[in-house]
Amino acid sequence: MAAYLTVTVISAIRNPINVDDIHLLPMHTSLLYVVLGLAAIIVGGNLVVDNACRIAAAFGLSETLIGLTIVAIGTSLPELVTSITASRKGESGLALGNVVGSNIFNIMFILGMSSTLHPIAAEAVAFTDILILITLTLIIYIFCKLRGQMGRLMGFACAAAYIIYSIYIILR
(Lines give C-alpha, C1' and ligand atoms only; values in the text may rest on other atoms or scores of the structure.)
Protein backbone atom coordinates (compact mmCIF):
# COMPACT_ATOMS: atom_id res chain seq x y z
CA MET A 1 0.00 0.00 0.00
CA ALA A 2 2.86 2.36 0.81
CA ALA A 3 4.41 1.70 -2.61
CA TYR A 4 1.06 2.33 -4.34
CA LEU A 5 0.56 5.61 -2.47
CA THR A 6 4.11 6.70 -3.27
CA VAL A 7 3.63 6.03 -6.99
CA THR A 8 0.28 7.84 -6.93
CA VAL A 9 1.71 10.92 -5.19
CA ILE A 10 4.71 11.05 -7.55
CA SER A 11 2.35 10.78 -10.53
CA ALA A 12 0.18 13.60 -9.17
CA ILE A 13 3.24 15.82 -8.66
CA ARG A 14 4.49 15.13 -12.19
CA ASN A 15 1.04 15.74 -13.72
CA PRO A 16 -0.44 18.71 -11.87
CA ILE A 17 -3.95 19.92 -12.66
CA ASN A 18 -4.78 23.44 -13.75
CA VAL A 19 -5.81 25.16 -10.51
CA ASP A 20 -7.51 27.98 -12.44
CA ASP A 21 -10.36 25.58 -13.24
CA ILE A 22 -11.04 24.82 -9.57
CA HIS A 23 -13.56 26.74 -7.50
CA LEU A 24 -11.96 26.98 -4.06
CA LEU A 25 -14.01 27.19 -0.88
CA PRO A 26 -12.67 28.70 2.32
CA MET A 27 -10.68 26.21 4.41
CA HIS A 28 -13.19 26.19 7.28
CA THR A 29 -16.07 25.43 4.86
CA SER A 30 -14.10 22.65 3.20
CA LEU A 31 -13.22 21.10 6.57
CA LEU A 32 -16.85 21.33 7.71
CA TYR A 33 -18.02 19.56 4.53
CA VAL A 34 -15.40 16.84 4.97
CA VAL A 35 -16.34 16.26 8.63
CA LEU A 36 -20.08 16.27 7.92
CA GLY A 37 -19.64 14.00 4.90
CA LEU A 38 -17.48 11.58 6.88
CA ALA A 39 -20.03 11.50 9.71
CA ALA A 40 -22.86 10.86 7.25
CA ILE A 41 -20.89 8.05 5.58
CA ILE A 42 -20.10 6.41 8.92
CA VAL A 43 -23.66 6.65 10.26
CA GLY A 44 -25.27 5.67 6.95
CA GLY A 45 -22.83 2.82 6.36
CA ASN A 46 -23.40 1.44 9.85
CA LEU A 47 -27.16 1.61 9.46
CA VAL A 48 -27.13 -0.13 6.08
CA VAL A 49 -24.66 -2.84 7.06
CA ASP A 50 -26.08 -3.58 10.53
CA ASN A 51 -29.66 -3.82 9.39
CA ALA A 52 -28.86 -5.68 6.19
CA CYS A 53 -26.90 -8.25 8.20
CA ARG A 54 -29.81 -8.69 10.59
CA ILE A 55 -32.23 -9.22 7.73
CA ALA A 56 -29.87 -11.65 5.95
CA ALA A 57 -29.19 -13.59 9.17
CA ALA A 58 -32.94 -13.85 9.76
CA PHE A 59 -33.21 -15.58 6.38
CA GLY A 60 -30.29 -17.90 7.23
CA LEU A 61 -27.89 -16.64 4.56
CA SER A 62 -24.13 -17.33 4.81
CA GLU A 63 -21.62 -14.73 5.98
CA THR A 64 -19.86 -14.93 2.61
CA LEU A 65 -23.09 -14.18 0.79
CA ILE A 66 -23.83 -11.31 3.17
CA GLY A 67 -20.32 -9.91 2.68
CA LEU A 68 -20.30 -10.25 -1.10
CA THR A 69 -23.73 -8.72 -1.61
CA ILE A 70 -25.45 -6.77 1.15
CA VAL A 71 -22.40 -5.46 3.01
CA ALA A 72 -20.60 -4.74 -0.28
CA ILE A 73 -23.57 -2.75 -1.55
CA GLY A 74 -23.95 -0.92 1.75
CA THR A 75 -20.31 0.07 1.95
CA SER A 76 -20.23 1.02 -1.75
CA LEU A 77 -23.22 3.38 -1.65
CA PRO A 78 -21.04 6.41 -0.78
CA GLU A 79 -18.75 5.55 -3.70
CA LEU A 80 -21.75 5.21 -5.98
CA VAL A 81 -23.08 8.63 -5.00
CA THR A 82 -19.64 10.21 -5.33
CA SER A 83 -19.00 8.64 -8.74
CA ILE A 84 -22.44 9.59 -10.11
CA THR A 85 -22.01 13.15 -8.85
CA ALA A 86 -18.52 13.39 -10.36
CA SER A 87 -19.70 11.93 -13.69
CA ARG A 88 -22.62 14.35 -13.90
CA LYS A 89 -20.19 17.23 -13.33
CA GLY A 90 -17.92 15.96 -16.11
CA GLU A 91 -15.20 14.79 -13.71
CA SER A 92 -14.75 11.33 -15.22
CA GLY A 93 -11.23 10.96 -13.80
CA LEU A 94 -12.57 11.49 -10.30
CA ALA A 95 -15.43 9.04 -10.87
CA LEU A 96 -13.18 6.26 -12.14
CA GLY A 97 -10.38 7.06 -9.70
CA ASN A 98 -12.82 6.91 -6.80
CA VAL A 99 -13.85 3.35 -7.61
CA VAL A 100 -10.43 2.04 -8.65
CA GLY A 101 -8.67 3.73 -5.74
CA SER A 102 -11.24 2.46 -3.28
CA ASN A 103 -10.85 -1.12 -4.47
CA ILE A 104 -7.06 -0.93 -4.33
CA PHE A 105 -7.27 0.61 -0.85
CA ASN A 106 -9.76 -2.05 0.32
CA ILE A 107 -7.71 -4.96 -1.02
CA MET A 108 -4.27 -3.78 0.06
CA PHE A 109 -4.86 -1.72 3.18
CA ILE A 110 -8.16 -2.80 4.71
CA LEU A 111 -7.67 -6.52 4.04
CA GLY A 112 -4.00 -6.23 4.98
CA MET A 113 -4.69 -4.43 8.27
CA SER A 114 -7.62 -6.69 9.12
CA SER A 115 -5.59 -9.84 8.61
CA THR A 116 -2.64 -8.33 10.50
CA LEU A 117 -4.83 -7.67 13.53
CA HIS A 118 -6.69 -10.99 13.32
CA PRO A 119 -6.09 -13.79 10.80
CA ILE A 120 -8.83 -14.20 8.21
CA ALA A 121 -9.70 -17.73 7.16
CA ALA A 122 -9.69 -18.19 3.39
CA GLU A 123 -12.42 -20.59 2.37
CA ALA A 124 -12.17 -22.46 -0.93
CA VAL A 125 -15.07 -20.42 -2.36
CA ALA A 126 -13.09 -17.23 -1.75
CA PHE A 127 -10.58 -18.30 -4.38
CA THR A 128 -13.37 -18.57 -6.96
CA ASP A 129 -14.58 -15.10 -6.00
CA ILE A 130 -11.04 -13.71 -6.28
CA LEU A 131 -10.58 -15.35 -9.70
CA ILE A 132 -13.85 -13.75 -10.89
CA LEU A 133 -12.70 -10.38 -9.51
CA ILE A 134 -9.34 -10.59 -11.28
CA THR A 135 -10.91 -11.75 -14.56
CA LEU A 136 -13.50 -8.97 -14.63
CA THR A 137 -10.88 -6.39 -13.64
CA LEU A 138 -8.66 -7.46 -16.55
CA ILE A 139 -11.59 -7.36 -18.98
CA ILE A 140 -12.51 -3.83 -17.85
CA TYR A 141 -8.87 -2.73 -18.04
CA ILE A 142 -8.41 -4.09 -21.57
CA PHE A 143 -11.75 -2.65 -22.74
CA CYS A 144 -10.94 0.81 -21.33
CA LYS A 145 -7.42 0.72 -22.81
CA LEU A 146 -8.81 -0.15 -26.25
CA ARG A 147 -11.73 2.29 -26.19
CA GLY A 148 -10.17 5.06 -24.11
CA GLN A 149 -13.31 5.36 -22.02
CA MET A 150 -15.87 3.42 -20.05
CA GLY A 151 -19.19 4.13 -21.72
CA ARG A 152 -22.76 3.03 -21.25
CA LEU A 153 -22.20 -0.34 -22.89
CA MET A 154 -19.40 -1.23 -20.48
CA GLY A 155 -21.43 0.14 -17.57
CA PHE A 156 -24.35 -2.07 -18.57
CA ALA A 157 -22.01 -5.05 -18.97
CA CYS A 158 -20.56 -4.46 -15.48
CA ALA A 159 -24.03 -4.18 -13.92
CA ALA A 160 -25.14 -7.34 -15.75
CA ALA A 161 -21.99 -9.17 -14.62
CA TYR A 162 -22.71 -8.18 -11.02
CA ILE A 163 -26.31 -9.41 -11.24
CA ILE A 164 -25.15 -12.72 -12.77
CA TYR A 165 -22.44 -13.03 -10.11
CA SER A 166 -24.97 -12.29 -7.35
CA ILE A 167 -27.28 -15.00 -8.68
CA TYR A 168 -24.30 -17.37 -8.80
CA ILE A 169 -23.33 -16.79 -5.15
CA ILE A 170 -26.94 -17.05 -3.99
CA LEU A 171 -27.32 -20.40 -5.73
CA ARG A 172 -24.02 -21.92 -4.61
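Q: Which residues make the nonpolar surface patch?

A: Patches are made of residues with over 30% relative accessible area and no salt bridge; like charges are joined within 9 Å, and nonpolar side chains (Val, Leu, Ile, Met, Phe, Trp, Tyr) within 5 Å. A salt bridge is a side-chain nitrogen of Lys or Arg within 4 Å of a carboxyl oxygen of Asp or Glu. Accessible areas come from the Shrake-Rupley method with a 1.4 Å probe, and for residues only the protein chains shown count as cover. Here Phe127, Ile130, Ile134, Leu138, Tyr141, Ile142 and Leu146 form a nonpolar patch of about 760 Å².

Q: On what basis are such values given?

A: The model is predicted, so local features need pLDDT of at least 70 and side-chain atom pairs count only at pLDDT 80 or more, while totals for chains, interfaces and linings use all residues. Residues are numbered from 1 along each chain as its sequence is written, and side-chain values use heavy atoms, with hydrogens and water left out.

Q: Where is Ile130 found, and how is its accessibility classed?

A: Buried means under 20% relative accessible area, exposed over 50%, and partly exposed in between (1.4 Å probe, protein chains only). Ile130 belongs to helix α5, residues 124-147. Its relative accessible area is 41%, so Ile130 is partly exposed.

Q: How many helices and strands does the protein have?

A: Helices (H or I, at least four residues) and strands (E, at least two) are DSSP runs, numbered from the N terminus. This protein has six helices and zero strands. Of its 172 residues, 13% count as buried. The protein exposes about 13,200 Å², of which carbon and sulfur atoms supply 73%.

Q: How is the span of helix α3 read?

A: The expected span of a helix is 1.5 Å times one less than its number of residues. Helix α3 (residues 63-88) has 26 residues and reaches 35 Å from its first C-alpha to its last, close to the expected 38 Å.

Q: Where does α3 bend?

A: The bend at a residue is the angle between axes fitted to the seven residues ending there and the seven starting there. In α3, a bend of about 45° occurs at Ser76, and the proline Pro78 follows within four residues. After the helix comes Gly90, whose phi is positive, near 80°.

Q: Which helices do the buried residues of α3 pack against?

A: Contact means heavy atoms within 4.5 Å. The buried residues of α3, among them Leu65, Ile66 and Thr69, pack against α2 (27-58), α4 (92-117) and α6 (152-171).

Q: Is Thr69 buried or exposed, and which residues does Thr69 contact?

A: Thr69 has a relative accessible area of 11%, so Thr69 is buried. Leaving aside neighbours within four places in sequence, Thr69 is in contact with Tyr162, Ser166 and Ile169. The C-alpha atoms of Thr69 and Ile170 are separated by 9.2 Å, although these residues lie 101 residues apart along the chain.

Q: What does Cys53 touch?

A: Cys53 is placed in helix α2 and, at 27% relative accessibility, counts as partly exposed. Not counting residues up to four places away in sequence, Cys53 touches Ile66 and Val71.
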